[in-house]
Amino acid sequence: MGVNNVVGILGNTYYGDICVGAIACRQEKRDGGGVKLYIMTLGVLAPYRRLGIGSKLLQHCLDICRQDPGIWEIYLHVQTNNDEAIAFYKKFGFEISGIIHNYYKRIVPPDCYVLSKSLVPQAGGSSSSTSTS
Ligand SMILES: CC(C)(COP(=O)(O)OP(=O)(O)OC[C@H]1O[C@@H](n2cnc3c(N)ncnc32)[C@H](O)[C@@H]1OP(=O)(O)O)[C@@H](O)C(=O)NCCC(=O)NCCS
């Protein structure tokens, strides 16, 4: 995959003393040029879901990416049965760009989708998804 860990992005959301949500990302070199941001993990504690916390954390990353024209793409892996996360990411314009069988060693199903979103402005002025590694 040509991983080149350049810099990480971390975000946390607190409700009082409780950390109810977190995101961690790293930058990787893209094979075709530019940099892609890999979302290593994004999670919100179950009682605090559907309150917009995940959206705020992801938007925080997207805002950082948009300030850096060197970041061309953002992507992540998600277990194939994780309908909630897939719906969440699709709302932000991510698309399924691949499937990796037996990606996970200790959970069932072991397969994951690759979800990706292009951050390169298209001719029409918006960004759309592209395939990824
Ligand atoms: C995916 C996750 C981070 C979403 O966090 P969240 O704070 O609940 O998300 P938001 O409240 O910002 O939801 C934004 C939108 O995503 C979609 N969405 C989120 N959860 C959904 C669900 N369970 N079912 C369907 N759509 C969902 C909805 O469109 C939602 O908008 P709405 O509430 O106005 O309908 C959270 O469910 C989670 O932590 N899951 C477990 C960990 C995980 O799977 N992480 C993703 C892999 S990295």
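**Entry 1: R50**

I work here from a predicted model. R50 lies in the loop between strand 3 and helix 1. I noted its phi near 60°, a positive value in a residue other than glycine. Most residues other than glycine have a negative phi.

**Entry 2: N102**

I then looked up N102, which also has a positive phi, of about 60°, although it is not a glycine. I placed N102 in the loop between strand 5 and strand 6. N102 is exposed because 9 other C-beta atoms lie within 10 Å.

**Entry 3: P109**

Where does P109 lie? I find P109 in the loop between strand 5 (95-100) and strand 6 (112-118). The peptide bond from V108 to P109 is cis, with omega near -5°. Most peptide bonds are trans. I counted 13 other C-beta atoms within 10 Å of P109, so the residue is partly exposed. Which residues are in contact with P109, leaving aside its neighbours within four places in sequence? I recorded Q79, T80 and N81. T80 stands 29 residues from P109 along the chain, and their C-alpha atoms are separated by 7.1 Å.

**Entry 4: Chain overview**

I listed 2 helices and 6 strands in the protein chain. Along the sequence, I read the pattern as β-β-β-α-β-α-β-β. The protein chain has 133 residues, of which 25% are buried. Among contacts in the chain with a separation of 6 or more, 54% join residues 24 or more positions apart.

**Entry 5: Strand pairing**

I followed strand 2 (residues 18-29) to its partner strand 3, and the two pair in the antiparallel sense over 9 bridges. K29 stands opposite V35 in strand 3. These two strands form a hairpin with 5 residues between them, and G33 in the turn has a positive phi of about 110°. On to strand 4: strand 3 and strand 4 run parallel and are joined by 4 bridges. Here V35 stands opposite I71 in strand 4. I traced the chain from strand 3 through helix 1 to strand 4 and found this β-α-β crossover to be right-handed.

**Entry 6: Nonpolar core**

I looked up the largest nonpolar core, which has 22 residues; I23, L37, I39 and L115 have the most contacts inside it. Strand 2, strand 3, helix 1, strand 4, helix 2 and strand 6 each give two or more residues to this core. Which element supplies the largest share of this core? I found that strand 4 does, with 5 residues. I also checked I23, which touches G11, I39, T41, L42, L57, L58 and C61, not counting residues up to four places away in sequence. In soluble globular proteins, nonpolar side chains tend to be buried together.

Conventions: Residues numbered from 1 in each chain as written. Predicted model: local features only at pLDDT ≥ 70, side-chain atom pairs only at ≥ 80, totals over all residues. Pairing = 2+ DSSP bridges. Right-handed = clockwise from strand over helix to strand, strands pointing away. Buried ≥ 20, exposed ≤ 12 C-beta atoms within 10 Å, placed from the backbone. Contact = placed C-beta atoms within 7 Å. Core = buried A, V, L, I, M, F, W, Y, C linked by C-beta atoms within 7 Å.
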